[in-house]
Amino acid sequence: MTDLDLLHFEQLKKDVQAQYLKEYTPSYDDISKWKGIDIIYFQEDLRKKAKGNISEKSFYTYFKNSPVTKLPRIDMLNLLSIYAGYDSWYEFKKQHLFAGELLQDDEDLKDNELKELEKTVSASLDLPKDDDLPKKQEFKTPENSDLQKSIPENQLINKNSETEKISLAEAEKPKKNFFKKNVWAIVTTILVILTGLLGFKDAIFQKTYVYCFTDADRNLSIQREIEIKVIKENESPILYRIKPGECFRYATKDKNLKMQISSPFYEYLEVNRNLENAPEEETIELKPDDYKMALYYFSTKDVKGENSQEQNDLITQKRRQLENRISNNAVITQVYDSDIYGLETLDKEDYITLVTTPTTSLKNLNVIEMKTDNKGKIVSIKFKISANENNK
């Protein structure tokens with residue numbers, strides 16, 4: 001910040017005051033005397049025309065004191081400049097250059113130029129005289145510099161050097177001006193990108209693992225529904241139901257995966273995987289439960305014979321097989337689609353009678369769940385007879 005910037009700010013305050021007085025009539029024309037409702041109306045007009053605001057504290061700091069000894073932040077300077085009708089603070093200064101002033105960020109004016117400018121501005125703004133302004137320390141050039149003045153060639157070189165510096169400074173202005181005008185757009189773009197990364201970080205860092213299931217004895221894709229429970233530490237299990245013949249796809253950024261796999265006709269299996277070195281695609285074999293398979297087979301086996309005697313013999317054989325497979329204390333539940341009935345409990349004999357009575361509905365019998373004890377006896381059956389055999 002230079003003394004010239006403070007002088008420019010005093011100019012800007014007068015332009016802001018003039019802009020407001022075009023449409024409004026405050027208690028006083030002098031902006032430094034505004035207070036209360038005048039400040040509120042000014043803030044509202046500033047928000048409407050420049051899309052920004054300054055606090056009451058900032059107004060008292062920079063408008064009640066004249067001249068100021070401290071320059072506001074660049075965003076406030078830009079806001080006030082826009083309100084006064086300019087593109088930015090830089091553009092305001094550019095259009096209010098003092099005699100001999102150059103807008104350069106890294107070079108100071110010479111002593112004689114600064115004194116001349118201070119006299120000009122003091123006269124136009126009624127500011128304190130030279131004695132009240134900070135004085136710049138005098139710098140004496142070395143005596144041997146006179147040697148250069150006596151040589152025409154050196155004088156020409158110095159003039160060319162100064163011209164090149166001014167040209168370089170002028171060339172850098174558009175770049176700096178472009179950055180100042182677009183700095184908020186650049187910052188906003190960066191923030192949007194960071195917000196997007198944070199919002200989609202899970203999707204970005206997730207990997208998808210695919211698990212397919214085959215019958216361990218037949219080496220064929222399992223054609224029964226499979227239930228998978230994914231176990232996470234300190235969380236409730238997440239249940240997935242996989243349709244017959246389909247694979248299980250699981251997207252996660254975790255390093256470990258624990259699954260509990262069950263199916264009506266296959267043995268329960270628990271799988272633990274360290275995903276840091278696990279393959280993304282894997283085939284898991286499920287071992288058939290022979291007791292469950294046999295029970296399902298005998299439950300749905302056709303008992304039609306060529307004659308009534310042969311049919312009775314087949315029914316007797318089927319009942320005997322089921323008697324051996326099912327525990328006397330088995331819990332057997334039939335599930336209905338109807339909202340009225342829902343569930344119905346059957347005992348062992350009722351179930352055997354149901355599945356040994358020759359009906360076409362047995363073709364649509366679907367075992368939902370089946371459990372066995374340590375001896376292999378069936379202790380729990382949950383089944384459903386679908387209305388449409390395509391739902392089997």
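Contact, as the word is used in this report, means heavy atoms within 4.5 Å. The structure is a predicted model, in which local features need pLDDT of at least 70 and side-chain atom pairs count only at pLDDT 80 or more, whereas totals for chains, interfaces and linings use all residues. Residues are numbered from 1 along each chain as its sequence is written, and side-chain values use heavy atoms, with hydrogens and water left out.

**Thr 214 and the strand that holds it**

Helices (H or I, at least four residues) and strands (E, at least two) are DSSP runs, numbered from the N terminus. Thr 214 lies in strand S1, residues 207-215, and Thr 214 is buried, with a relative accessible area of 13%; buried means under 20% relative accessible area, exposed over 50%, and partly exposed in between, for a 1.4 Å probe and protein chains only. Not counting residues up to four places away in sequence, Thr 214 touches Asn 219, Leu 220, Ser 221, Ile 222, Thr 283, Ile 284, Glu 285 and Leu 286. For one of these, Thr 283, the C-alpha atom is separated by 7.2 Å from that of Thr 214, although the two residues are 69 apart along the chain.

Two strands pair if DSSP finds at least two bridges between them. An open sheet of 4 strands has the order S3-S2-S5-S6, with antiparallel pairing, and its edge strands, S3 (238-242) and S6 (266-274), each pair on one side only. Strand S2 (residues 226-231) is joined to S3 by 5 bridges, with Val 230 opposite Ile 238 and Ile 228 opposite Tyr 240. S2 and S3 form a hairpin with 6 residues between them, and Asn 234 in the turn has a positive phi of about 65°.

**Helix packing**

Axes are lines fitted to C-alpha atoms, for helices over the stretch in contact, and angles run from 0 to 180 degrees between N-to-C directions.

| Helix pair | Angle | Distance between axes |
|---|---|---|
| H2 (37-50) and H4 (74-83) | about 85° | 9 Å |
| H1 and H2 | about 90° | 11 Å |

H2 is roughly perpendicular to H4, and H1 and H2 are likewise roughly perpendicular to each other, given that angles under 35 degrees count as roughly parallel, over 145 as roughly antiparallel, 65 to 115 as roughly perpendicular and the rest as oblique. Phe 42, Asp 45, Leu 46, Lys 49 and Ala 50 in H2 meet Leu 79, Leu 80, Ile 82 and Tyr 83 in H4.

After H4 comes Gly 85, whose phi is positive, near 105°.

**Nonpolar cores**

A nonpolar core is a set of buried Ala, Val, Leu, Ile, Met, Phe, Trp, Tyr and Cys residues joined through side-chain atoms within 4.5 Å. The largest has 35 residues, and those with the most contacts inside it are Tyr 211, Phe 213, Ile 228, Phe 248, Met 259, Ile 261 and Ile 326. A second, separate core of 26 residues includes Ile 31, Phe 59, Tyr 62 and Phe 92.
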